[in-house]
Amino acid sequence: MIDAFFTVYPKQAKRFNSKTLKKVTFIIDPDYVGVAATGNGVARYSPKWMREHPEDIDVVTHEVMHVVQAYPGGSPGWLTEGIADYVRYVYGVNNIKAQWALPEYKAGQSYTNSYRITARFLVWLEKNVRKSIVNEMDDAARTRTYSADLWKQKTGKTLDELWLSYTQNPALELAYH
């Protein structure tokens, strides 16, 4: 977990937020019943999860991205979690061994489903629509300038129109680490 942190956090900070915290605290909390959670520079991990999923080191990659994000209140949760899983896909160090992957598109999904579903959509957008879209949405969320209109300003299409384009041709060549 420590190695993963020192591998990914500097890359995340360089790309997304050079003013991110310089001190991050990890807590392995036997009382925590989820997988992990992060707030105020503290990443809390479940030892039960880590015992049962010892290869899932990139839970660190996802969680410390929340430190880098440092979004003030009001950012859409689906985008926050989608970007964190997008970063896990891009910078993850052990996703293959953890058997972690972005899901294929299935009818009925929505970009608001968060996490991996949103992350895959973001990867598709970068490859097919606008290479800088994740950086731009991340910055907008951090600076309180995010709005649904921003998608149209940046791409010429609304978020719903972008999702429709994705659903009509969701093919992606993905590479994991």
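Figure 1. Buried means under 20% relative accessible area, exposed over 50%, and partly exposed in between (1.4 Å probe, protein chains only). Helices (H or I, at least four residues) and strands (E, at least two) are DSSP runs, numbered from the N terminus. This is a predicted model: local features need pLDDT of at least 70, side-chain atom pairs count only at pLDDT 80 or more, and totals for chains, interfaces and linings use all residues. Residues are numbered from 1 along each chain as its sequence is written, and side-chain values use heavy atoms, with hydrogens and water left out. From its first C-alpha to its last, helix 4 reaches 21 Å. That is close to the 21 Å expected at 1.5 Å a residue, where the expected span is 1.5 Å times one less than the number of residues.

**Figure 2. The largest nonpolar core has 49 residues.** Such a core is a set of buried Ala, Val, Leu, Ile, Met, Phe, Trp, Tyr and Cys residues joined through side-chain atoms within 4.5 Å. Phe 121, Tyr 146 and Trp 151 have the most contacts inside it. Elements giving two or more residues include helix 1 (2-16), strand 3 (42-45) and helix 9 (159-168). Helix 4 gives the largest share, eight residues. Among the residues that Trp 151 touches are Trp 78, Leu 122, Met 137, Tyr 146 and Leu 162, not counting residues up to four places away in sequence. Contact means heavy atoms within 4.5 Å.

**Figure 3. Three strands form an open, mixed sheet in the order 1-3-2.** Two strands pair if DSSP finds at least two bridges between them. Strand 1 (25-28) and strand 2 (36-39) are the edges; each has a single partner strand, so one side of each lacks a neighbour in the sheet. Strand 1 and strand 3 run parallel, joined by four bridges. Phe 26 has Ala 43 in strand 3 as its bridge partner.

**Figure 4. Strand 2 and strand 3 form a hairpin.** The two strands pair in the antiparallel sense over four bridges. Gly 39 stands opposite Val 42 in strand 3. Two residues lie between the strands, and Asn 40 in the turn has a positive phi of about 55°.

**Figure 5. Asn 135 is partly exposed.** Asn 135 is found in helix 7. Its relative accessibility is 25%. Asn 135 touches Arg 15, Phe 16 and Glu 126, not counting residues up to four places away in sequence.
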